[in-house]
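User: I would like to learn how to read the features of a model like this one, going step by step from the chains to their contact. Could you take me through it?

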Amino acid sequence: MYAFGGLPENLVIFCALLRRDYGFRIGAGELLDAARALNIIDLSSQQAVRAALRTVLAGTHDDVMAFDKAFDRFFLSGALAGKQDAAVLERKPEPGAGEEGTVSKRVGTSGAFDAEFDEGATEGTGLMTPLETAAEDASGVIGRASYSPAGVDSTQAPEVPEADDEWVAAARELVRRVHLGPARKWRAARKGRRFDLRRTLRASLQTGGEPLMPRWLARPHRHPRFVVLIDASRSMNQYAPTALRVVSALTRATARVEVFVFSTALRRVTIELQRASLGTSHRLQALSRAWGGGTTIGACLSEFVRGYGDRLLSSTTVVIVVSDGLDVGEAETLRSAVQAISRRSGALVWLNPLLETPGYEPTALGMSTAKPFVTTFTSVNDLAGLVRLSRNLRLHA
Amino acid sequence: MDAATIRARFRDRAFVVDESFATALQIALALEKPLLIEGPAGVGKTETAKVLAEVLETRLIRLQCYEGLDATTALYEWNYPHQMLRARLSEIENATLEEREAQIFSERFLLKRPLLEAITEKQSPVLLIDEVDRADEAFEAFLLEVLAEWQVTIPELGTIRATSKPRVIITSNRTRELSDALRRRCLFLWLPYPTTEQEIAILHARLPGLSERLASQIAAVMQTLRGLSLQKAPGVAESLDWAMALMNLHRDHLDMRALAQTVGCVLKVHEDHGVARAHAADLASAMGETQASLQSGGYGLDTDFGFGTVSTPRH
């Protein structure tokens, strides 16, 4: 059983554990809500306590999946595990850590928070700081910690390079150049093809009820949505920084970007990248497990079509696959997946870093299978490459 | 209202929920926070709000989100033609400009949209914000403001404060990731597919005439189908449709022939039929059929989509 007597203390430590080991985003508000929730429910029912805490503390599907494991580990495991947790979290703040001390006073919670700060400060890994301090502490790590039972070396985690203004400008240009044509809805506009009676009448109130100023409706342009699928196999390791830089620039240029990495499994990393591109360059802890290893491109792409196709693929979607096309899976799987993506998207861009290699021909089985369905086949190795891509981007006819 | 009561009340309305679901609702009601429900399509996310409104004996106000949804459609709009008419008519009266303005911009000419309606309702309504992921990010930010303050400022009228806080249910199909800010404002519930036992209970609750054997067979096949890599996995709604179709065909049990006849109720993408055919043996064993009957009965999905043989009762 857990090491401390009172429920409030345990709750505080449990929350700290969730933040530290499972990457939950829990602030003082959530903690308070959790306490209030426990006040309402029947405490004698383990099921109820579990459900209540999960409702309050988990924020995403991933959180929900991790929660039960964390709950069992903290509340139900043997005495030893509980004490270890406690020992880690109860470490007293060191005198030198004055800055954190003041912060935690402002947050107004118990010593567990300080202990966690120290962990983060001394070890320099991607531990969470409470949300309240994240904005102020520019040098702190804003990213989300990940649960790494296998003790993944943090140096394995890819670093997200910062996209400077030139990159962002190039990415904006790319977004701007995707001409999707007008949408079907009508929107108020200064000049348009359709007369807007409602707004004309509204405007006529200013002129004593005489409709002197006509108002118009026009069809707004459709905005593209980007889905970037990055191959994270070992053969792509060299190219990873560039791929992440492109994505980082794109994330800053438009909000409509979804990012996935795949090697032998597919992982959605949109949130992680958004958080990373807000801060300064730092590692994507959550990616460390996806990064490295061989690739089954076909299986991963068909997993994408199955899991996200309905929601993310439409004629306004530009799918960008970043991969060298060295597939260890079956060609038929790859073919049907790429065909499905191609059929349901506005454009399918394939960025292959090997294209820069002199004499490279896309003859490897994987690449030659996918190539007929690709609308733009190129590589982006530098800023000029991204500019070139925006000029060469083709949509499906 | 405690979790057990919620379960019982939902059960009375033929909606089967498990304990963690009921606890989440209980907490959302007690803490007066919005409940964000995510999960696969067809597990009853929207239905939750409808039943909750019935249970609480209050109104359900629904805001269906879509791309391009903006504040005027969600909050309020002035009734311009009506105002116009009024302005014209009041010209003959000897009213001052201020009086006429006050008349035109009064609540009579205000068209309340769902959010404003929810705020001005006397008894706390259930406000369902459906498929919030379909709306733009800008709308999400606007929604945050309303959810935090529960007040709306109309320049011509002033600030309208909520007389009673609405109970908010937000659903999302995860078309895009919602912002952390919105997530932090809400309690979160992940609604997965029901377990086999739950699904049987749901089938019985919704279709009282369904035979025990058919219900358990349907649930078992559904469980198997959801395990396959389908493009559109069938939800609870599909189970119910299917059960209804089979009852209409006067089937008291499920075999491969019945599946072939009615597969259109369950699988709605052509490619999925191929996947199901490839796993016919698994499906047959889920139904409790033997290998022999599988061979004799056959699984003629490609020849027969069901249209030719389905007979509907004629009145």
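Analyst: Helices and strands here are DSSP runs, a helix needing at least four residues and a strand at least two, and they are numbered from the N terminus. The model is predicted, and on that definition chain B has 16 helices and nine strands, while chain A has 16 helices and 11 strands.

User: How many residues does each chain have, and what percentage of them is buried?

Analyst: A residue is called buried if 20 or more other C-beta atoms lie within 10 Å of its own, and exposed if 12 or fewer do. Of the 397 residues in chain A, 39% are buried by this count, and for the 315 residues of chain B the share is 34%.

User: In what order do the five strands of the open sheet in chain B lie?

Analyst: Strands are taken to pair if DSSP finds at least two bridges between them. In chain B the five strands follow the order β2-β5-β8-β1-β9, with parallel pairing, and form an open sheet. Its edge strands are β2 and β9 of chain B, each of which pairs on one side only, and neighbouring strands are turned against each other by 20° on average, direction ignored. Within the sheet, β2(B) and strand β5 (residues 126-130) of chain B are joined by five bridges, with B:Ile61 standing opposite B:Leu127. Strand β1 (residues 35-38) of chain B is joined to strand β8 (residues 167-172) of chain B by four bridges, and B:Leu35 has B:Ile169 as its bridge partner.

User: Which residues make up the covered face of strand β2 of chain B, and which the uncovered one?

Analyst: In a regular strand, side chains alternate between the two faces of the sheet. For strand β2 (residues 60-64) of chain B, the covered face consists of B:Ile61 and B:Leu63, whereas B:Leu60, B:Arg62 and B:Gln64 are on the uncovered face.

User: Why is B:Thr72 classed as exposed?

Analyst: B:Thr72, which lies in helix α4 (residues 71-74) of chain B, is exposed because 11 other C-beta atoms lie within 10 Å. Its C-alpha atom is separated by 7.7 Å from that of B:Arg113, a residue 41 positions apart along the chain.

User: At what angle do α3(A) and α2(B) cross?

Analyst: The axes of helix α3 (residues 46-57) of chain A and α2(B) come within 8 Å and cross at roughly 55°, and the two helices are therefore oblique to each other. Their crossing is right-handed. Among the residues that meet there are A:Gln47, A:Ala51 and A:Thr55 in α3(A), and B:Glu19, B:Thr23 and B:Ile27 in α2(B). By class, this helix contact has six nonpolar, four polar and two charged residues.

Conventions:
Residues are numbered from 1 along each chain as its sequence is written. Chains are lettered from A and ligands numbered from 1 in the order in which they are written. This is a predicted model: local features need pLDDT of at least 70, side-chain atom pairs count only at pLDDT 80 or more; totals for chains, interfaces and linings use all residues. Axes are lines fitted to C-alpha atoms, for helices over the stretch in contact, and angles run from 0 to 180 degrees between N-to-C directions. Angles under 35 degrees count as roughly parallel, over 145 as roughly antiparallel, 65 to 115 as roughly perpendicular and the rest as oblique. A crossing is left-handed if the near helix is turned anticlockwise from the far one by less than a right angle, and right-handed if clockwise. Two residues are in contact if their C-beta atoms, placed from the backbone, lie within 7 Å. Ala, Val, Leu, Ile, Met, Phe, Trp, Tyr, Cys and Pro count as nonpolar, Asp, Glu, Lys and Arg as charged, and the others, Gly among them, as polar.
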